[in-house]
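Subject: Structure handover

Hello,

Here is the structure I promised to pass on. My notes on it follow below the entry.

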Amino acid sequence: MKVVIAPDSFKDSLSAQEIAQAIASGWQQVFPDAEIIQCPMADGGEGSIEAVLEVCSGQWREQLVQGPLGEPVLAKWGWLATEKIAIIEMAQASGIQLVKPAQRDACNSSSYGTGQLILAALDAGAKEIVLTVGGSASNDAGTGLLTALGATFLDAKHNPLAAGGIALQNLAKINLDQLDPRIQQTQFRLAADVTNPLCGPNGASHIFGPQKGASASQVLELDQALSHFANVTAQLLGVDQRHEAGAGAAGGLGFAAKTFLKAEFRSGVEVIAELNQLAAKIQGADWVITGEGKFDEQTLNGKTPFGVAKIAQAANVPVIVIAGTLGENYQALYPHGITAAFSLTSGPTSLEEACRNAAELVSARTTDIARLIQSSTLKNN
């Protein structure tokens, strides 16, 4: 029997690696001779680098960068030396978790630190850079990132603009003369599960600005500023990608990555699965086990179990989901390759208790599932 274990992390509880180990332990209680392949996964958000480095034997690198409001931040990034692939998690340098809730400032926060991580990757000799962009604090359309890479954004008096998205309302000229030439020889992949456009009622400012500290009036100003930036960009480059899926990701950084870095936009789970060679691992498997903290209808929006199930479905392999909790209309996933889903707790329990005992609960629930499969197998034989 071959089993591939490919879960996401359980937020505020266990990493994807720890969940995979707990599932493997539970399965081996019933099938000690099974071939078990652990392949921790992520969907492009927090934990994405860790998932890839665990599977691909990569290295952690560190770089001192500017945080969202200019403060120093020691940010980590991932390096696959053999392939010369860098994995940069925007949250490490420009993440909302780096700013206290009372200090969050969508108008003035910057993605500059993420650009500094790209420079570090280029200095290391990266031929491909994967940008995972969940959890950003900025709403600057990626202009901070581009500034770190050598671009200059000027007002009508040829003065450099201040950091942040609100300053873009005064943008008169973009100067790319000093943009790092290594960008042209580097392949960029943008990994995100956000498909919003740059501007408008479904754009970066309206949908994500409030959680980054923007008031209702600031949301309108930011949206107009980002639209103006797109206008100036279109005049300079002759292309306008503000309406494309993913342009609004990470406060509009998706627009900058697609337009100035020629980044390929992919769902986060697809990118992580490709780096981890999940499809090859699933070939010939009898079962795939995946999971996440909360499994519900929202999982259809590019979350890890959905991405894993698509790959398994193509290989005609059944998929079991083990989740911290089963949410509203989780059954909507069944037509998309999920065979069955199970929650951890068997009775009333607090969230704190479930998080504290997650490893034991995951292992025990896996053993229950394996016993059911064993019984069915013995009966059929």
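**Cysteines and disulfides**

Taking a disulfide as a pair of cysteine sulfur atoms within 2.5 Å, the count comes to zero. Cys107 is in no disulfide, and the nearest cysteine sulfur, that of Cys199, is 15 Å away. Cys199 is likewise in no disulfide, with the sulfur of Cys107 as its nearest at 15 Å. Cys107 is buried at a relative accessible area of 6%, and Cys199 is buried at 15%. Here buried means under 20% relative accessible area, exposed means over 50%, and partly exposed lies in between (1.4 Å probe, protein chains only).

**Basis of the values**

This is a predicted model, in which local features need pLDDT of at least 70 and side-chain atom pairs count only at pLDDT 80 or more, while totals for chains, interfaces and linings use all residues. Residues are numbered from 1 along each chain as its sequence is written, and side-chain values use heavy atoms, with hydrogens and water left out. Helices (H or I, at least four residues) and strands (E, at least two) are DSSP runs, numbered from the N terminus.

**The open sheet**

Five strands form an open sheet in the order β2-β1-β11-β12-β13, with parallel pairing; two strands pair if DSSP finds at least two bridges between them. The edge strands are β2 (35-38) and β13 (340-343), each of which pairs on one side only. On average, neighbouring strands of this sheet are turned by 25 degrees against each other, direction ignored. For angles, axes are lines fitted to C-alpha atoms, for helices over the stretch in contact, and values run from 0 to 180 degrees between N-to-C directions.

β11 and β12 run parallel and are joined by seven bridges; Gly291 stands opposite Ile322 in β12. Strand β12 (residues 319-326) is also parallel to β13, with four bridges between them. Ala323 stands opposite Ser343 in β13, and Val321 has Ala341 of β13 as its bridge partner.

α1 lies across β1 (2-5), β2, β11 (287-295) and β12, and runs at about 170 degrees to β2. Helix α11 (residues 304-314) lies across β11 and β12, at about 160 degrees to β11. Together, β11, α11 and β12 make a right-handed β-α-β unit, meaning that with the strands pointing away from the viewer, the path from the first strand over the helix to the second runs clockwise.

**Nonpolar cores**

A nonpolar core is a set of buried Ala, Val, Leu, Ile, Met, Phe, Trp, Tyr and Cys residues joined through side-chain atoms within 4.5 Å. The largest has 54 residues, and those with the most contacts inside it are Ile118, Ile129, Val133, Phe229 and Leu261. Helix α8 (residues 249-260) gives the most to this core, with seven residues. A second, separate core of 35 residues includes Met41, Leu275, Ile282 and Ala309.

Contact means heavy atoms within 4.5 Å. Not counting residues up to four places away in sequence, Ile118 touches Ile88, Ile129, Leu131, Leu145, Leu149, Phe188 and Leu261.

**Helix α2 and its surroundings**

Helix α2 (residues 48-56) has Ser48, Ile49, Ala51, Val52 and Leu53 as its buried residues. They pack against α1 (16-28), β3 (59-66), β4 (72-80), β5 (85-89), β6 (128-132) and α9 (268-275).

Gln17 lies in helix α1 and is buried at 7% relative accessibility. Leaving out residues up to four places away in sequence, Gln17 touches Gln38, Pro40, Glu50, Ala51 and Glu54.

Ala75 belongs to strand β4 and is buried, at 0% relative accessibility. Beyond its neighbours within four places in sequence, Ala75 is in contact with Arg61, Glu62, Gln63, Val65, Gln92, Ala93 and Leu117. The C-alpha atoms of Ala75 and Thr114 are separated by 9.1 Å, with the two residues 39 apart along the chain.

**Positive phi angles**

Ala141 has a positive phi of about 60 degrees although it is not a glycine. Ala141 is in the loop between β6 and α5 (143-148) and is buried at 0% relative accessibility. His158, also not a glycine, has a positive phi of about 65 degrees. His158 lies in the loop between β7 (152-154) and β8 (173-175) and is exposed, at 56% relative accessibility.

Regards
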